[in-house]
Amino acid sequence: MKESLFLSQLAKDATEWETGNLRRERKVLVLPAGPRIQLLGNPHTSLSFLSNDYLGLASHPDLKDAISGAAHSWGAGAASSPMVSGHMKCHADAEQALAAFTGFEEALLFITGYMANLAVITSLLTSPEDVVFSDHLNHASLIDACRLSRARIERYPHLDMLALSESLKTLPARRRLIVTDAVFSMDGDRAPLASLLELAEEFDALILIDDAHGFGVLGAQGRGSVSEEQVYSDRVILMATLGKAAGLSGAFVASSAFLVEYLLQHARTYVFSTAPSPALVGAIPTSLKLIQEADQQRSQLRMLASRLSDAVSASRYPFRFYGTPIVPVIVGDEGETMCCARLLAEQGIWVAGIRPPTVPVGLSRLRISLSAAHTFQDVDLLVQSARSVGFFKERRGA
Ligand SMILES: *Cc1c(COP(=O)(O)O)cnc(C)c1O
């Protein structure tokens, strides 16, 4: 048999990936989403700080019932693109509810946040004369969307409004779009939305705000970052996912009626893709109701973060807190990060080890993701295990 050069190149890549500590492994879980996970073939459960189920809704009985009910009324599949025959009353109702909840005129449903970000950026920017201004730490889906558009990509240093203002001023452009995570997914810190909107107004730009991690968590009744900071304008496009705090899957874009209609006409990931399952979509109003009523869960999240923050002040690696449920612990080296994650896992505590290309080289980290379903005791267990595997400088008698 003739040897394939193609395959041997891939084999070489795979070896380098492995020796660079970049190989990722999936775990097969045998429990529904929640603070306890159990791996297939392992008799013990572990405590997990891995999921984005910030309000603990992913396994909520009312949400499961809503999905069963919607499947009963509307069926399992939408069977075609929304532009053909996949747009049912449950989709229209959910879009209206999402727009009203987030304070925009209209909303448009997508299968995932990744697809929604592709839709917005590639529909609005179509020429090399357009410029997209993108925060250096934006989510991969925004980065990919920028690449897929034909626009010039100008990545500005993380949160640096001065640098952004300078490039908005100096770069000639037919159209300008600023794109940012509202809450940065691997850091947990937040974009200065009011300043960004001011810049958008000064330099005639539109702004895409990705609130994947703020929706449900921040703002009154969990209405998200835009509502909390009241950054409403005809220039603002909100994207939020339903797979995190909302406990489902899918995503939506909300904006003015004009821009939503524009996307509907031009977004290829909308037009050429089957509409989201009506069983899931029919449960969106229930998810919104649960989010709205979750003040106690949001307060629990804040209390868990402050308990963790109080306990880890003398840690060898810096824990960072920004008032969001995402707590990064910066370790630096890829190998050391994965070693820390493994040692914690051996203690029955799972946190995510995050490496390049998800974060810049040298900034590998553990990502602790808090959920309202965690208890104080869970946080105490995390701290105890971190102490026992050497996370703290002063290890008296350890
Ligand atoms: C998770 C995430 C997305 C993608 O959303 P999905 O619905 O999971 O595809 C987009 N942006 C950010 C910031 C995210 O964290």
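Tutor: What follows goes through the domains, the core, some strands and helices, and a few single residues.

Student: What should I know before reading any values?

Tutor: This is a predicted model, where local features need pLDDT of at least 70 and side-chain atom pairs count only at pLDDT 80 or more, while totals for chains, interfaces and linings use all residues. Residues are numbered from 1 along each chain as its sequence is written, and side-chain values use heavy atoms, with hydrogens and water left out.

Student: OK. Which domains does the chain have?

Tutor: The assignment gives domain 1 (24–55 + 295–388) and domain 2 (61–292). Such bounds come from an automatic or database domain assignment.

Student: How many residues of each are in contact?

Tutor: 19 residues of domain 1 are in contact with 20 residues of domain 2, where contact means heavy atoms within 4.5 Å. The centres of the two domains, taken over C-alpha atoms, are 27 Å apart.

Student: And the largest nonpolar core, which residues touch the most other members?

Tutor: Ile 178, Phe 215, Phe 252, Ile 368 and Phe 391 do, out of 85 residues in that core. The core draws at least three residues from each of domain 1 and domain 2. Another core, of 27 residues, lies apart from it and includes Val 120 and Cys 146.

Student: What counts as a nonpolar core?

Tutor: It is a set of buried Ala, Val, Leu, Ile, Met, Phe, Trp, Tyr and Cys residues joined through side-chain atoms within 4.5 Å. Buried means under 20% relative accessible area, exposed over 50%, and partly exposed in between, with a 1.4 Å probe and protein chains only.

Student: What does Ile 178 touch?

Tutor: Leaving aside residues up to four places away in sequence, its contacts include Phe 133, Tyr 156, Leu 196 and Leu 208. Ile 178 points the same way from β6 as Arg 176 and Thr 180.

Student: How many residues of β6 are buried?

Tutor: Six of its six residues are buried. Leu 177, Val 179 and Asp 181 point the other way from Arg 176, Ile 178 and Thr 180.

Student: Which strands does β6 pair with?

Tutor: β6 pairs in the parallel sense with β4 (residues 131–135) over four bridges, and with β7, also in the parallel sense, over six bridges. Two strands pair if DSSP finds at least two bridges between them. Arg 176 stands opposite Val 131 and opposite Ala 205 in β7.

Student: Why does Thr 180 count as buried?

Tutor: Thr 180 counts as buried because its relative accessible area is 0%. Thr 180 is found in β6, residues 176–181, and its contacts include Asp 135, Leu 193 and Asp 210.

Student: Now a helix. Which residues of α7 are buried?

Tutor: In α7 (residues 193–202) they are Leu 193, Leu 196, Leu 197, Leu 199 and Ala 200. They are on the same side of α7, because they cover an arc of only 160° around the axis; the arc is that of the directions from the helix axis to the C-beta atoms.

Student: What is on the face turned away from the buried side?

Tutor: That face of α7 carries the exposed residues Glu 198 and Glu 202. The buried residues of α7 pack against several elements, including α6 (161–170), β6 and β7 (205–210). Just after α7, Asp 204 takes a positive phi of about 50°.

Student: Is Glu 166 buried or partly exposed?

Tutor: Glu 166 counts as partly exposed, because its relative accessibility is 41%. Its place is in helix α6.

Student: Last topic: what is the strand order in the sheet with β13?

Tutor: It is an open, antiparallel sheet of three strands in the order β10-β13-β12. The edge strands are β10 (326–332) and β12 (352–354), each pairing on one side only. Three bridges join β12 to β13 (residues 364–369), and Gly 353 stands opposite Leu 366.

Student: Which helix lies across those strands?

Tutor: Helix α14 (residues 334–346) does, running at about 35° to β13. Axes are lines fitted to C-alpha atoms, for helices over the stretch in contact, and angles run from 0 to 180 degrees between N-to-C directions.

Notes:
Helices (H or I, at least four residues) and strands (E, at least two) are DSSP runs, numbered from the N terminus.
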